[in-house]
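Colleague: I am new to this structure and would like to talk it through. Could you show me the model?

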Amino acid sequence: MRSLMVRAADAWGGDRVRRVLGNGALVFGIVAAMPACVPKAATLADGQRVFRHETFGDEKFWTDTARMHEVVQRSVSPSTALSVGLKVDADAIPPEIAQAIKSGQVDLNSPATTVALLKLNAVVGLRGTVQTVGGKDTLVRLGITCALCHSTVDNSFAPGIGQRRDGWPNRDLNVGAIIALSPAITPAQKAVYNSWGPGKYDPRFNVDGKSTPLTLPPAYGLAQVKNETYTAEGPISYWNAYVAITQMHGQGSFSDARLGIDITQSPDLVAPKLAALRSYQHSLPAPRPPAGSFDAPAAERGRAVFTQTCATCHVGATGTDNNSGKLHAPGETGVDGAYAARTANKGYRTTPLRGLWQHPPYFHDGSAPTLAAVVAHYNRVRSLALTAEQERDLVEFLKTL
């Protein structure tokens, strides 16, 4: 099955997208290691802009190849968009329009309303260019940004509409179902994309044609964490470049001989923006647990259980032993190894523990729906011999992180 990315490569020309399958030296095409410093406010503001609004020129793919602007213009109403997990930034909606929405004067079942929201730059993670054609607002270009998957809203205006929560994974977002709307992909590809479900995405499907979707990870609380991804291929700017170029289809250069990827595009619209993007991501703190969301005495007992049974791998303030480079074979923790087998390192890093209350389901594949299921899994697989009370206490502690 030819992937959407390979078909796009054909459309762009083989001299622009080259895949090298040899065993050459690893080249990230980015500067992964930069001096540690406190980012300036201007850098953070620029990074926020990149995170929320930068498409890296990926309109060339989503418009010219995937023709998603046609789909949105024709058939994606706000109600449809919200049903597949897209979010709306309430702060981008003028007060008079917000009032009209509240009073029912805005048709949320009309694709024209979605175009109007895109014109306001109010749809989180989507960037549209709207022009007047024949006296009518027409969506002529469409791109995506980092915020599509790694930002949500607080629902303060209405379900799916509110103030942004950057770094929070959008576990409502059905990425596969959205991509499957493209008229440029095959029925077989549509079937795979539609099989993923909300909150999941496979960042290798368009590289190797296999499908083992991952839960969208949080992008907060990463300032002290190395190798931020599930399988620790590289630091955050490596992953940002990988996603921006191979998944968002931004215009840039990315090479990793371990994965047989060598993409060269000029001008590079990605690399110059990686430093500011990283600074902004590193500035995002993990959300504190809501007041009253855990049993404090039980959590304190659970802390002792955690120290005795979990702190060997979930070490220190970062909650992961991967800061020292350690990886784990899937069998060590009893998780599915299909995705790891498709990656450079063939193993999983210990997931940092932060904001756990906010982003169920758990594990890389979302196979544990609750924290109680996580604890029960490890109690069984690791033979921890925890009592039912100790399991409950440990869950309460995990809710505090």
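Colleague: Which helices each supply at least two residues of the lining of the second largest pocket?

Modeller: Please note that this is a predicted model. The helices are H14 (296–309), H15 (330–333), H16 (371–381) and H17 (388–398).

Colleague: And which helix gives the most to that lining?

Modeller: H16 does, with four residues.

Colleague: How much space lies in the second largest pocket?

Modeller: The second largest pocket holds about 810 Å³ of space. It is lined by 38 residues, and those closest to its centre are His314, Thr350, Thr351, Phe363 and Tyr378.

Colleague: How do the residues of that lining divide into nonpolar, polar and charged?

Modeller: There are 22 nonpolar residues, ten polar ones and six charged ones in the lining of the second largest pocket.

Colleague: Turning to cavities, how many of 30 Å³ or more does the structure hold?

Modeller: The structure holds one such cavity. The largest cavity has a volume of about 70 Å³. Eleven residues line the largest cavity, and Ile179, Tyr193, Tyr201, Asn206 and Gln247 lie nearest its centre. Its lining has seven nonpolar residues, three polar and one charged.

Colleague: Which residues make the contact?

Modeller: Among them are Leu44, Gln48 and Phe51 of H2, and Leu277 and Tyr280 of H13. The residues of this contact divide into six nonpolar, six polar and two charged.

Methods. Residues are numbered from 1 along each chain as its sequence is written. This is a predicted model: local features need pLDDT of at least 70, side-chain atom pairs count only at pLDDT 80 or more; totals for chains, interfaces and linings use all residues. Side-chain values use heavy atoms; hydrogens and water are left out. On a 1 Å grid over the protein atoms alone, a cavity is a set of points where a 1.4 Å probe fits but cannot get out, and a pocket is an open set with protein on both sides within 12 Å along at least five of seven lines; lining residues have an atom within 4 Å of a point. Grid points are joined across faces, edges and corners, and a volume is the space filled by probe spheres set on the points. Ala, Val, Leu, Ile, Met, Phe, Trp, Tyr, Cys and Pro count as nonpolar, Asp, Glu, Lys and Arg as charged, and the others, Gly among them, as polar. Contact means heavy atoms within 4.5 Å.
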